Amino acid sequence: MRFTISREKLQEGLAAVAASIPAKTTLPVLANILLETTDKGIKLSGTDLDIAVSTEVMADVDAAGAVTIPAKKLSEIARELPPAPVKIGAVGEQRVTIECGRSRFKLLGLPRDEFPTFPSVRFNESWRIRSGDLQQLISHTSFAVSAEESRPILNGVLWELRPDRMRMVATNGHRLAKMDVPINAANAPASDLIVPPKVFSPRRKSSKLREGTTISGSDHPSPRFSRV
């Protein structure tokens, strides 16, 4: 694998998947970010087995391939790189080199086969909402989620999805937060989900999603997000 990417695009991709990387894990590969070449550039993926986040950024690909790289090290390197094109290459499935200006780094990754496989998501029956409206729903309700483990049913946000509206409700037994917004999803079935607040973390932190968001939650215990 070998490709060239701008420093800004690399930092953008890393920021999008950073929230899905666990701080502590017994599986070493979960501390890594999966980098895969695509027709348009590269796809970065991260997961803690509860949340799976993928994003695609533009890059000039010279040789196709995939490798996992330690997320913390790669993020630290990306923050310190000079404003110049970044060349990333992998020899085999583990040895990774990063070049930018006069800087050169060597990292030891893990094979692609050790990284968990993401579930496939179908958007033929889905709900569409403006990203700003979704972020408003999250910020107006998720703060009220209970942190008491003795009442697990209150440890998440109730997400009601209807063809004509979307509602979120959260409570800790002392306070209740509720908000709904109108939508138009005539082909989507009604669905109710209880979603842990950390699922919303990548969505709340991502400031790049301005046009809209498509959500599909019919085949999974928690919804997956796709940028549009």
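Mentor: Let us begin with the salt bridge, which is a side-chain nitrogen of Lys or Arg within 4 Å of a carboxyl oxygen of Asp or Glu. Please keep in mind that this is a predicted model, in which local features need pLDDT of at least 70 and side-chain atom pairs count only at pLDDT 80 or more, while totals for chains, interfaces and linings use all residues. Residues are numbered from 1 along each chain as its sequence is written, and side-chain values use heavy atoms, with hydrogens and water left out.

Trainee: What makes the meeting of the side chains of Glu160 and Arg167 a salt bridge?

Mentor: The N to O distance between Glu160 and Arg167 is 3.5 Å, and this pair counts because the limit is 4 Å. Glu160 and Arg167 also belong to a network of salt bridges that links them with Arg165 and Asp180. In general, side chains of opposite charge can pair when their charged atoms come close.

Trainee: Why is Glu160 called buried?

Mentor: Buried means under 20% relative accessible area, exposed over 50%, and partly exposed in between, with a 1.4 Å probe and protein chains only. Glu160 has a relative accessible area of 13%, so it is buried.

Trainee: How many salt bridges does the structure hold, and which parts of the chain does the pair of Arg112 and Glu36 link?

Mentor: The structure holds 10 salt bridges, and in one of them the side chains of Arg112 and Glu36 meet at 3.3 Å, N to O. To place this pair you need the naming of elements: helices (H or I, at least four residues) and strands (E, at least two) are DSSP runs, numbered from the N terminus. Arg112 lies in the loop between β9 (103–108) and β10 (127–129), whereas Glu36 lies in strand β2 (residues 32–37), so the pair joins distant parts of the chain, 76 residues apart. Arg112 counts as partly exposed at 23% relative accessibility, while Glu36 is buried at 16%.

Trainee: How do you know whether Arg130, the salt-bridge partner of Asp133, counts as buried or exposed?

Mentor: Arg130 has 54% relative accessibility and therefore counts as exposed, whereas Asp133, with a relative accessible area of 22%, is partly exposed. The closest N and O atoms of these two residues are 3.6 Å apart.

Trainee: What is the order of strands in the open sheet that contains β4, β3, β2 and β6?

Mentor: Two strands pair if DSSP finds at least two bridges between them, and here the order is β4-β3-β2-β6 with antiparallel pairing. One of the bridge pairs sets Ser45 against Ser54 in β4.

Trainee: Why are β4 and β6 said to stand at the edges?

Mentor: β4 (52–58) and β6 (66–70) each have a single partner strand, so one side of each is left without a neighbour in the sheet.

Trainee: Which strands does helix α1 lie across?

Mentor: Helix α1 (residues 7–17) lies across β2, β3 and β4 and runs at about 170° to β4. Contact means heavy atoms within 4.5 Å, and axes are lines fitted to C-alpha atoms, for helices over the stretch in contact, with angles from 0 to 180 degrees between N-to-C directions.

Trainee: Which residues does Lys43 touch?

Mentor: Lys43 is placed in strand β3, and its contacts, not counting residues up to four places away in sequence, include Leu34, Glu36 and Ser54. At 30% relative accessibility, Lys43 counts as partly exposed.

Trainee: Which members of the largest nonpolar core touch the most other members?

Mentor: A nonpolar core is a set of buried Ala, Val, Leu, Ile, Met, Phe, Trp, Tyr and Cys residues joined through side-chain atoms within 4.5 Å. The largest one has 52 residues, of which Trp159 and Met166 touch the most other members. Helix α2 (residues 71–80) gives the largest share of this core, 4 residues. There is also a second, separate core of 5 residues, among them Val29 and Phe115.
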